[in-house]
Amino acid sequence: MEQTLDGEGAANASSQAANPAGPANLANAARPANPATPASESGTSPQAADPASIASTLLQAAGAQRPVRVLVADDQDLVRSGFRMILSSYDGIEVVGEARDGEQAVQLAERLRPDVVLMDIRMPRVNGIDATRAIRSNVALVGVQVLILTTFDLDEYVYDALSAGAGGFLLKDAEPDEIASAVRVVAAGEALIEPSITRRLIETFVAARPGVPAGTAARGIDQLTDREREILTLVARGLNNDQIGERLFISPATVKTHLARIMAKLDAHDRAQLVVRAYESGLVKPGVA
């Protein structure tokens, strides 16, 4: 039976989880480290704290403790119940809803605005890949990340899911700690899978499939500068930001800036999609070091 929280219920639950100690907790968070400022020599009273500054501190304190909100989408009741039970046992993670197919997953994502959707691939009506694409292409859901549930790490559909905008994939038989860690990583906007594994996935299926139409695959590649092409090639080869920086004699921060520009030009949501774009466009060839 479907279990969801409506918007108001989810908001109240999040508020209570974020502030377990109530107003006193936020007051302590906003209190300056040295509240007793002595009066000046002229005898005037110390200046009152800026209300705007206090409000900002209160909001930061509340946001820092907000739990990661998760929506579980799978057509098997036992699987959904299992993930709910596992994730609910971890501090800082809250399961806000369950969906039994891709269509319902998209609807609940729009209504509940979770941080992460745990998405099965094979589901009735709308499959997980199309649901992922619908969520990741919706500008109103820009903050919603998708973590794909799969049985095998080289499932051919995982490649399609990464191309659709998924932030990574998770094996259904993963250990509880791995599941919780994966949710937190993807919620933070990081790619869950290592670049080398992404490369192996993409090389396996790009090499075995008919070529993507050149105009579609290369869209945006011709807008890249020589440096951006160089960095994209290294990303596709499995190098991280530090390794790219060492190779090109630039700082990791500079690499990150270039990556942000490359993502914008290629309409890519994350590092995994950049690797897909690099292979599909022909910028990087499967099996070529």
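**Figure 1. The largest nonpolar core of the predicted model.** In this predicted model, the largest nonpolar core comprises 27 residues, and those with the most contacts inside it are A73, V117, M119, I135, V146 and I148. At least two residues of this core come from each of strand 1 (68-73), strand 2 (93-99), helix 5 (102-112), strand 3 (116-120), helix 6 (128-136), strand 4 (145-150) and helix 7 (156-164). Helix 5 gives the most, with five residues. When neighbours within four places in sequence are left aside, V117 is in contact with L71, A73, I135, V144, Q145, V146 and L147.

Figure 2. Five strands make up an open sheet in the order 2-1-3-4-5, with parallel pairing. Strand 2 and strand 5 (168-171) stand at the edges and have a single partner strand each, so one side of each is left without a neighbour in the sheet. On average, neighbouring strands of this sheet are turned by 25° against each other, direction ignored. Strand 4 and strand 5 are paired in the parallel sense over four bridges, and the bridge partner of T150 in strand 5 is L171.

Figure 3. Strand 1 pairs with strand 3 in the parallel sense over four bridges, and A73 stands opposite M119 in strand 3. Six bridges join strand 1 to strand 2, and these two strands run parallel; in strand 2, I93 is the bridge partner of V68, while E98 is the bridge partner of V72.

Figure 4. Strand 1, helix 4 (residues 77-88) and strand 2 together make a right-handed β-α-β unit. Although strand 2 stands at an edge of the sheet, seven of its seven residues are buried, so strand 2 is largely enclosed by the rest of the structure. Within helix 4 lies S81, which counts as partly exposed because its relative accessibility is 36%, a value between the 20% and 50% limits that separate buried from exposed residues. S81 and E98 are 17 residues apart in sequence, and their C-alpha atoms are 8.8 Å apart in space.

**Figure 5. Two helices lying across the sheet.** Helix 4 lies across strand 1, strand 2, strand 3, strand 4 and strand 5, and runs at about 170° to strand 2. Helix 8 (residues 176-187) likewise lies across strand 1, strand 2, strand 3, strand 4 and strand 5, and runs at about 150° to strand 4.

**Figure 6. The chain as the setting for the close-up views.** The chain contains 14 helices and five strands, and of its 289 residues, 41% count as buried. Among contacts between residues at least 6 apart in sequence, 70% join residues at least 24 apart. The chain exposes about 14,900 Å², of which carbon and sulfur atoms supply 53%.

Terms used:
Residues are numbered from 1 along each chain as its sequence is written. This is a predicted model: local features need pLDDT of at least 70, side-chain atom pairs count only at pLDDT 80 or more; totals for chains, interfaces and linings use all residues. Side-chain values use heavy atoms; hydrogens and water are left out. A nonpolar core is a set of buried Ala, Val, Leu, Ile, Met, Phe, Trp, Tyr and Cys residues joined through side-chain atoms within 4.5 Å. Buried means under 20% relative accessible area, exposed over 50%, partly exposed in between (1.4 Å probe, protein chains only). Contact means heavy atoms within 4.5 Å. Accessible areas come from the Shrake-Rupley method with a 1.4 Å probe; for residues, only the protein chains shown count as cover. Two strands pair if DSSP finds at least two bridges between them. A crossover is right-handed if, with the strands pointing away from the viewer, the path from the first strand over the helix to the second runs clockwise. Axes are lines fitted to C-alpha atoms, for helices over the stretch in contact, and angles run from 0 to 180 degrees between N-to-C directions.
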